[in-house]
Amino acid sequence: MNDVLLRTLTPEVLAVLVRRGADFAAAEDAVQEALIEAVRVWPDDPPREPKGWLVTVAWRRFLDMARADAARRRREDVAEEEPLPGPASGVDDTLQLYFLCAHPSLTPSSAVALTLRAVGGLTTRQIAEAYLVPEATMAQRISRAKRTVSGVRFDQPGDVATVLRVLYLVFNEGYSGDVDLAAEAVRLTRQLAAAIDHPEVAGLLALMLLHHARRAARTAPDGSLVPLAEQDRSRWDTTSIAEGVEILQAALARDRLGEFQAQAAIAALHADAPTAAETDWVQILEWYDELARLTGNPIVRLNRAVAVGEADGPRAGLAALAGLDDSLPRHTAVAAWLHERDGDLPTAARLYADAARKAPNLAERDHLTRQAARLNTHLRPDEA
Amino acid sequence: MAKYLLLKHYRGAPAPVNDVSMDKWTPEEVSAHMQYMRDFSAQLEKTGEWVDGQALAPTGMWVRYDGEDRPPVTDGPFAETKDLIAGWMIIDVDSENRAIELAGELSAAPGAGGRPIHEWLEVRPFLTGPPTITE
């Protein structure tokens with residue numbers, strides 16, 4: 001039995017329970033138990049109607065829990081009333097669950113955890129392992145998140161932008177432990193795109209697919225980072241790229257540009273270049289200008305300086321960099337790279353070493369350290 | 001969603017405001033301090049921010065490789081001047097500000113006279129995995 005197929009049903013089943021009058025937190029627990037039961041029972045005894053099976057088991061679990069909890073006596077009375085059959089299509093309800101789990105009253109880490117459990121159908125243990133925290137901590141984070149949103153009305157329309165930020169966070173965290181978070185983010189965004197017609201949802205899905213396509217080429221066998229320009233492009237997943245480009249083109253045609261579409265456009269231009277040298281930096285630069293206009297984000301202006309360096313030469317890149325706050329993450333790394341291209345190797349070597357000290361992650365630090373070491377080896381007078 | 005290490009030092013940190021070593025406190029003050037630390041950890045677990053916490057013995061030594069077929073060389077116990085780590089707590093929080101806020105709370109643990117120690121804690125971010133999206 002396919003675990004992902006099973007988890008795809010999670011939000012629909014949860015929505016049915018909530019529609020029948022179960023409160024969100026208890027319904028969510030009941031659905032989790034039904035999923036565990038399905039994993040146990042289905043391999044030997046597959047149901048004809050998987051969703052119906054899950055609804056029945058989850059609803060029974062919900063009633064059991066409500067009975068067991070004396071404090072929930074009143075709610076039990078509500079639940080004992082014969083429920084109306086749930087709506088056949090769960091599309092709108094699924095959308096409501098995304099809104100609820102990404103509710104602005106939640107902190108980013110709570111919204112991520114709740115989304116992965118209630119919409120993604122992951123267990124607390126899987127989420128805890130993915131984020132390298134104890135299971136007990138993750139359980140508390142999730143139950144707190146559920147309490148936080150307990151007063152939110154289920155049928156209240158939410159803000160798509162908050163949902164997209166949560167999914168972006170899940171994707172960008174990448175991969176650790178048994179759960180492939182990037183793949184999970186793609187799956188959840190794909191499911192969201194099926195539930196709502198919105199160019200930025202399409203834009204984010206395209207962005208994810210285009211980056212996901214490069215995954216195999218991003219790391220060397222020893223785990224070190226391979227920068228875009230040095231990646232073996234034959235290892236890029238062309239199916240994923242084609243799908244990303246198609247989704248992006250359809251979104252752009254609607255003329256409601258947003259930051260995810262612009263980011264996806266940049267990723268698509270990279271994907272389109274047969275070799276790094278053939279990259280259309282002029283067009284990429286135009287998209288960075290668009291992105292800077294849309295977001296005003298200083299990190300975008302930093303990435304733009306890289307594009308300027310490629311399109312108009314390192315001097316122009318350094319000039320673009322000059323106006324930016326040098327405390328921005330990766331500012332020093334960009335400066336090092338531009339100085340190297342400009343032929344100033346001693347400055348570049350010093351800046352690479354400095355950038356390595358400031359790097360926020362291990363792979364980047366190691367990569368920058370190697371860059372500094374590479375230049376310093378060239379610069380050292382022959383010791384032989 | 002970032003992990004931080006809160007480091008507590010036996011020696012080597014700047015002097016705290018309430019600078020009286022623990023052996024000069026009353027037994028009740030020692031108990032109150034320990035209770036504060038336990039409550040702090042329990043609270044962090046409830047907020048879903050707790051990862052790990054350990055205390056270290058002040059004793060220990062330096063160890064290094066001394067070549068093939070030779071036992072490692074040891075040197076110790078530590079000299080009095082050495083910066084000495086007493087223990088750590090690892091937290092998983094949404095922002096650097098939250099890490100600072102929690103370290104501030106931990107530093108308010110009661111000491112002599114039941115007054116906050118105002119101990120200096122070292123706050124160190126973990127290096128993370130690489131983000132998926134880099135350009």
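Which domains does the domain assignment of chain A give? The assignment gives domain 1 (1–88) and domain 2 (89–194); such bounds come from an automatic or database domain assignment. This is a predicted model, in which local features need pLDDT of at least 70, side-chain atom pairs count only at pLDDT 80 or more, and totals for chains, interfaces and linings use all residues. Residues are numbered from 1 along each chain as its sequence is written, while chains are lettered from A and ligands numbered from 1 in the order in which they are written.

**Records for chain A**

- UniProt places "domain: RNA polymerase sigma-70 region" (unreviewed entry) at residues 6–69 of chain A. UniProt positions use the numbering used here, feature names are shortened, and annotations may be inferred rather than shown by experiment.
- Residues 6–69 of chain A are 78% helix and 0% strand. Helices (H or I, at least four residues) and strands (E, at least two) are DSSP runs, numbered from the N terminus.
- The end C-alpha atoms of that span lie 28 Å apart.
- UniProt also annotates residues 98–148 of chain A, as "domain: RNA polymerase sigma factor 70 region 4 type" (unreviewed entry).
- Residues 98–148 of chain A are 73% helix and 0% strand, with end C-alpha atoms 15 Å apart.

- Two residues are in contact if their C-beta atoms, placed from the backbone, lie within 7 Å.
- Ala, Val, Leu, Ile, Met, Phe, Trp, Tyr, Cys and Pro count as nonpolar, Asp, Glu, Lys and Arg as charged, and the others, Gly among them, as polar.

**Helix pairs in chain A**

- The axes of α7(A) and α9(A) come within 9 Å and cross at roughly 95°. Axes are lines fitted to C-alpha atoms, for helices over the stretch in contact, and angles run from 0 to 180 degrees between N-to-C directions.
- These two helices, α7(A) and α9(A), are therefore roughly perpendicular to each other. Angles under 35 degrees count as roughly parallel, over 145 as roughly antiparallel, 65 to 115 as roughly perpendicular and the rest as oblique.
- Residues making this contact include A:Ala113 and A:Leu114 of α7(A), and A:Met138 and A:Ile142 of α9(A).
- The contact of α7(A) with α9(A) has five nonpolar, three polar and four charged residues.
- Helix α17 (residues 298–312) and helix α19 (residues 331–341) of chain A pack at about 10°, with their axes 10 Å apart.
- That makes α17(A) roughly parallel to α19(A).
- Here A:Leu302, A:Ala305, A:Val306 and A:Gly309 of α17(A) meet A:His331, A:Val334, A:Leu338 and A:Arg341 of α19(A).
- The contact of α17(A) with α19(A) divides into five nonpolar, two polar and one charged residue.

**The sheet of chain B**

- UniProt annotates residues 4–109 of chain B as "domain: YCII-related" (unreviewed entry).
- That span is 30% helix and 28% strand, and its end C-alpha atoms are 19 Å apart.
- Chain B has an open sheet of four strands in the order β2-β5-β1-β6, with antiparallel pairing. Two strands pair if DSSP finds at least two bridges between them.
- The edge strands are β2 (50–55) and β6 of chain B, and each pairs on one side only.
- Strands β1 (residues 2–11) and β5 (residues 84–93) of chain B pair over nine bridges. B:Tyr4 stands opposite B:Ile91 in β5(B).
- Four bridges join β1(B) to β6 (residues 122–125) of chain B. In β6(B), B:Glu122 stands opposite B:Leu7, and B:Arg124 is the bridge partner of B:Leu5.
- Helix α2 (residues 96–107) of chain B lies across β1, β5 and β6 of chain B, at about 135° to β5(B).

**Where the chains meet**

- 29 residues of chain A are in contact with 17 residues of chain B.
- On the chain A side, α9(A) gives the largest share, six residues.
- The chain A side has 15 nonpolar, ten polar and four charged residues.
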